[in-house]
Amino acid sequence: MTKKFRLVHYINQFYAGIGGEDKADVKPFAKDGVVGPGMAFKNALGDDSEIVGTVVCGDTYFNENLESAQKEVLAMIKQYEPDLVIAGPAFNAGRYGMACGAVATEVMAQLHIPAVTGMYEENPGLDMYRKDAYIVATRNSAIGMRKAVPVMAKLALKLLHGEEVSPDADHYFVRHRKNFTAEKRGSARAVDMLVKKLKGEDFKTEYPMPAFDNVEPAPALKDLSKAKIALVTSGGIVPKGNPDHIESSSASKYGSYDISDVKTLTEETYETAHGGYDPAYANENPNRVLPLDVIRDAQAAGEIGSLHDHFYATVGNGTSVANAKKYASEIAEKLRADGVDAVILTST
Amino acid sequence: MVKEIEKTGIPVVHICTVVPISLTVGANRIVPAVAIPHPLGNPDLAPDEEKKLRRKIVEQAFKALTTPVTDQQVFEWN
């Protein structure tokens with residue numbers, strides 16, 4: 001008979017059946033064999049591996065005593081001489097996720113064996129530990145146990161057998177960047193993708209865009225001739241001399257400029273602070289970016305009710321999404337307070 | 001920026017050159033612009049022609065602001 005792989009399972013006080021929050025300060029202890037969800041893993045893992053021990057620790061104890069708890073847990077795991085460790089899954093439980101991530105990461109770093117855990121995508125443990133641990137994507141509550149166990153077990157078996165694994169095939173979150181040598185150079189791969197796209201075939205981008213949450217469209221204006229319109233731009237239009245020193249890239253601020261007495265923007269009075277495009281055209285006639293001249297005409301013709309007496313500007317050039325959000329949320333606050341009904345936002 | 005403002009219930013029309021970016025980021029009312037360094041202008045045109053072009057784009061922005069939308073919509077003008 002061949003030797004069975006030895007596995008250790010790490011779980012918290014709740015899954016060990018000790019108790020909930022009231023028992024979350026339980027100190028780590030080890031128990032031979034399976035406990036709680038370990039039974040499901042035992043069934044999913046099959047015959048060539050065995051969960052030889054379970055290490056339990058209260059979530060609060062672990063997180064409050066991170067360094068010492070980590071050491072204690074690791075020592076208990078080590079005494080079983082395992083070939084692989086399974087932790088959790090933690091679903092969306094934050095402290096449990098932190099513990100599972102820490103245990104899995106330490107096991108891989110100190111014991112030089114693979115460790116598999118499972119978490120929901122918003123678990124803070126994911127961001128902390130995804131670079132090192134194999135973290136399988138799960139649902140956000142224990143309802144997902146039935147689905148998570150077979151996926152985690154399959155990944156564990158593949159790792160035990162030294163088989164190749166990938167985030168796509170094995171449903172774990174992308175770990176650290178892995179360097180590889182592609183057969184074709186980047187330009188050829190890009191053209192291949194383009195050709196597939198033109199043919200309407202499936203292709204896989206090498207640089208996926210981050211996901212953005214869309215916003216419900218605001219209701220349309222009922223009467224433009226009574227509406228107060230405001231101008232906002234990411235094109236960097238500022239009074240000549242850039243009084244607020246808005247940076248030409250990665251802007252750290254936005255400006256608010258009084259235009260109550262301004263009819264049009266001229267080369268002498270305004271300019272662009274934007275460093276991400278050729279400024280010649282915008283500097284020559286800043287209305288090309290912030291169309292004040294024609295808005296004033298529309299206002300004179302009674303087409304719009306009024307124009308807000310300030311415009312807001314920043315430089316959208318390498319500016320982080322977080323900063324852009326921050327500036328816009330402050331601008332929105334002011335626009336609302338000033339009774340603005342609609343916004344024209346121009347981008348270069 | 002468009003979304004942060006629109007979130008508060010103020011309709012925003014995004015006049016921008018690179019429409020796919022605006023669509024990806026999630027603007028709801030989009031009016032395409034002329035070119036990156038001169039979104040609302042064209043230096044090749046005579047000044048009054050150029051201003052007419054700018055007026056046309058802004059008129060389209062007004063149209064977008066007064067049009068009820070349920071999903072992202074691009075308001076073409078040329």
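Setting aside neighbours within four places in sequence, Ile113(A) contacts Pro82(A), Asp83(A), Leu84(A), Val85(A), Val107(A) and Met108(A). This residue belongs to a predicted model, in which chain A has 348 residues and chain B has 78 residues.

- Ile113(A) is located in the loop that runs between α4 (94–111) and β5 (115–119) of chain A.
- With a relative accessibility of 14%, Ile113(A) falls under the 20% limit and therefore counts as buried.

- Ser49(A) is part of strand β3 of chain A, which comprises residues 49–57.
- The relative accessible area of Ser49(A) is 6%, so this residue is buried.
- Apart from neighbours within four places in sequence, the contacts of Ser49(A) are Lys4(A), Phe5(A), Leu7(A), Leu157(A) and Leu160(A).
- Of these, Leu157(A) also takes part in the contact of α6(A) with α1(A).

**Overall form of chain A**

- Chain A contains 11 helices and 13 strands.
- The radius of gyration of chain A is 29 Å, whereas a compact globule of 348 residues would have a value near 20 Å.
- The C-alpha trace of chain A extends over about 90 × 55 × 40 Å along its principal axes.
- Of the 348 residues in chain A, 47% are buried.
- Among contacts in chain A with a separation of 6 or more, 73% join residues 24 or more positions apart.

**Overall form of chain B**

- Chain B contains three helices and three strands.
- Read from the N terminus, the elements of chain B follow the order α-β-α-β-α-β.
- Along its principal axes, the C-alpha trace of chain B covers about 40 × 25 × 20 Å.
- Of the contacts in chain B with a separation of 6 or more, 43% are between residues 24 or more positions apart.

**Helix crossing within chain A: α1(A) and α6(A)**

- Helix α1 (residues 38–45) and helix α6 (residues 145–160), both of chain A, have axes that come within 9 Å and cross at roughly 55°.
- The two helices, α1(A) and α6(A), are therefore oblique to each other.
- The crossing of α1(A) with α6(A) is right-handed.
- On the α1(A) side, the contact is made by Ala40(A), Phe41(A), Ala44(A) and Leu45(A).
- On the α6(A) side, the contact is made by Val149(A), Pro150(A), Met152(A), Ala153(A), Ala156(A) and Leu157(A).
- The residues of this contact between α1(A) and α6(A) comprise 10 nonpolar, no polar and no charged.

**Helix crossing between the chains: α10(A) and α3(B)**

- Helix α10 (residues 292–300) of chain A and helix α3 (residues 47–66) of chain B have axes that come within 9 Å and cross at roughly 65°.
- This angle makes α10(A) roughly perpendicular to α3(B).
- The crossing of α10(A) with α3(B) is right-handed.
- From α10(A), the contact involves Asp293(A), Val294(A), Ile295(A), Asp297(A) and Ala298(A).
- From α3(B), the contact involves Lys51(B), Arg54(B), Arg55(B), Val58(B) and Phe62(B).
- The residues of the contact between α10(A) and α3(B) are five nonpolar, no polar and five charged.

- Most residues other than glycine have a negative phi, and most peptide bonds are trans.
- The peptide bond from Gly88(A) to Pro89(A) is cis, and its omega is near 10°.
- Pro89(A) lies in strand β4 of chain A, which comprises residues 84–91.
- His245(A), although not a glycine, has a positive phi of about 55°.
- The loop between β8 (237–239) and β9 (255–258) of chain A holds His245(A), and this residue counts as exposed at 57% relative accessibility.
- Ser250(A), although not a glycine, has a positive phi of about 45°.
- Ser250(A) is placed in the loop between β8 and β9 of chain A, and this residue counts as partly exposed at 46% relative accessibility.

Notes. Residues numbered from 1 in each chain as written. Chains lettered and ligands numbered in written order. Predicted model: local features only at pLDDT ≥ 70, side-chain atom pairs only at ≥ 80, totals over all residues. Heavy atoms only, no water. Helix = DSSP H or I, 4+ residues; strand = E, 2+ residues; numbered from the N terminus. Buried < 20%, exposed > 50% of the residue type's maximum accessible area, 1.4 Å probe, protein only. Contact = heavy atoms within 4.5 Å. Axes fitted to C-alpha atoms, helices over the stretch in contact; angles between N-to-C directions. Parallel < 35°, antiparallel > 145°, perpendicular 65-115°, else oblique. Left-handed = near helix turned anticlockwise from the far one by under 90°. Nonpolar A, V, L, I, M, F, W, Y, C, P; charged D, E, K, R; others polar. Rg over C-alpha atoms; globule rule 2.2 N^0.38 Å.
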